[in-house]
Structure formats: C-alpha cells, structure tokens
Amino acid sequence: MESIAVAPTLRSNSNKLNKPNPMKTPNLFLTSLAVAALWFASSSSSPGAEPAGGGGLAELKLAVAVLHSTAGNKCQGTVRFTQDGNAVKVVADLEGLNPGQKHAFHIHQYGDCSAPDAMSAGSHYNPEGHQHGLPDAPSRHAGDLGNVQADNDGKAHYEISVADVTIGGAHNPIIGRGVIVHAKSDDGSQPVGNAGARIACGVIGVANPGEKKP
Ligand code: CU
Ligand code: ZN
C-alpha cells in the first residue's frame, strides 16, 4: 500500500530534475528516501520474514558479512555481528590466511568490494574523527577491530565485543559498511596500522535470524 503512495513522489522528483533547477542534492536525497520507504514497505509486507514493528534498521540485532578474497589472494570467511545491549559482539571465522600470522581486521567506511584490491571500501570506519588504534587503545577508529591470529592451517576464529558501534542504531551504525582483512598485522601505528594490502572484503548485511551459526 505504502509503495503505491510513494511511487508518484519518485516520479515527480524525476520530473523536477528536467527543469532548469540546479537543486540536484535535495532531489537525490528525496529519491533515496523514497527508495528507503519502498524497501521498508516491501520488507514489512513479506510474511514472517522479520519481526513486525516497522522499526527497520534501528531494531536489527543480527548482521553478517561474507568475505571474499581479493585478486590474487585466498582469504575468505564469515563475520557475524550481534547487538548485545550497547555493545556489538563480532565473531569471525576465516580461512586462507598466512599460517601462524596475525592479520589486521577492520570495518571500513564503504560496503563496496567492487575493486579487485578492495580499495573501493575506503579507509577505516571513523565517524568520530579519532586516530587509529588497536582495541585496547584509549581512542581509536570505530572500525578498528585489531588482529585475527591464524593457526597452522591458516584458519582463524576471532571474537571481540565493541561498545562504540551499533548494527543499525543512531550511534555509529555499521550496517552496509565493509569488513576488510589485511595481508599484514595492525601494529596500531598512524594512520592505519601499517597493515598492507587487503586480502578479503565483505559487506555487512542483514542476517537471516534462522540461519545456523557455523
Ligand atoms: Cu583495514
Ligand atoms: Zn583504524
């Protein structure tokens, strides 16, 4: 029902774009709102998919990122995010790492893994303008999740709970952003921990609550 009401708004905005009016940004903004409204309308009308309530992203408790290797690398895995009060618990299971080595593990600004080297994901997610740091630093980027430790088979299981982000809430939401594993370890130095190339990239998306955890 809502989508029917929204669609004409979208069309009238498109028509405005043809007028000699340079107000492109507000039109794009309104179009984004309309697209978001369509998304919410469709998700709330699919039977039994997610809890009703229409709260949308702010009520998300589970998110997941499936990481794929970048060009020339073989790292891949799954990272799950669970909102737990004011904290988000992060659980990563990765493979294809260098055996016995630490690898930097960050949330990056953009959920855009389109570039073969994943540079399209931008830099570390840093909505509050902090300096880079390891998880025990007094101040760090919100996306700084430290290092994963690979075992002798090149696999890593890593868990960390971070209080300075939310999955989809008002405070530093991570939904839709990128997760990156680096070739080298994060040494905590400025500006980004000297962690080298990006060997895997994934996008943080809405998790299926019925999906079995690995
Ligand atoms: Cu990174
Ligand atoms: Zn950082």
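**Entry 1: the β7–β8 loop.** I located P191 in the loop between β7 (178-182) and β8 (198-206), where strands are DSSP runs of E of at least two residues, numbered from the N terminus. I then looked up the peptide bond that joins Q190 and P191 and found it to be cis, with omega about 0 degrees. I note that this is a predicted model, in which local features need pLDDT of at least 70, side-chain atom pairs count only at pLDDT 80 or more, and totals for chains, interfaces and linings use all residues. Residues are numbered from 1 along each chain as its sequence is written, and chains are lettered from A and ligands numbered from 1 in the order in which they are written.

I next turned to N194, which lies in the loop between β7 and β8. Its phi is positive, about 55 degrees, although N194 is not a glycine. N194 is partly exposed because 15 other C-beta atoms lie within 10 Å; the classes are buried at 20 or more other C-beta atoms within 10 Å, exposed at 12 or fewer, and partly exposed in between, with C-beta atoms placed from the backbone.

**Entry 2: N172.** I looked up N172 in the loop between β6 (156-162) and β7. This residue, which is not glycine, has a positive phi near 50 degrees. N172 counts as partly exposed because it has 18 other C-beta atoms within 10 Å. For reference, most residues other than glycine have a negative phi, and most peptide bonds are trans.

**Entry 3: G202.** I placed G202 in strand β8. Is G202 buried or exposed? It is buried, because 22 other C-beta atoms lie within 10 Å. I listed its contacts (C-beta atoms, placed from the backbone, within 7 Å). Leaving aside neighbours within four places in sequence, G202 is in contact with A65, V66, L67, H68, V79, C113 and V179.

**Entry 4: the largest nonpolar core.** I took a nonpolar core as a set of buried Ala, Val, Leu, Ile, Met, Phe, Trp, Tyr and Cys residues joined through C-beta atoms within 7 Å. The largest has 38 residues, of which L67, F81, L94 and V181 touch the most other members. Elements giving two or more residues to this core include β1 (62-69), β2 (76-84) and β3 (87-95). The largest share, five residues, comes from β8. Beyond four places in sequence, L67 touches Q76, G77, V79, L94, V179, V181, A200, C201 and G202.

Note on methods:
Helices (H or I, at least four residues) and strands (E, at least two) are DSSP runs, numbered from the N terminus. Two residues are in contact if their C-beta atoms, placed from the backbone, lie within 7 Å.
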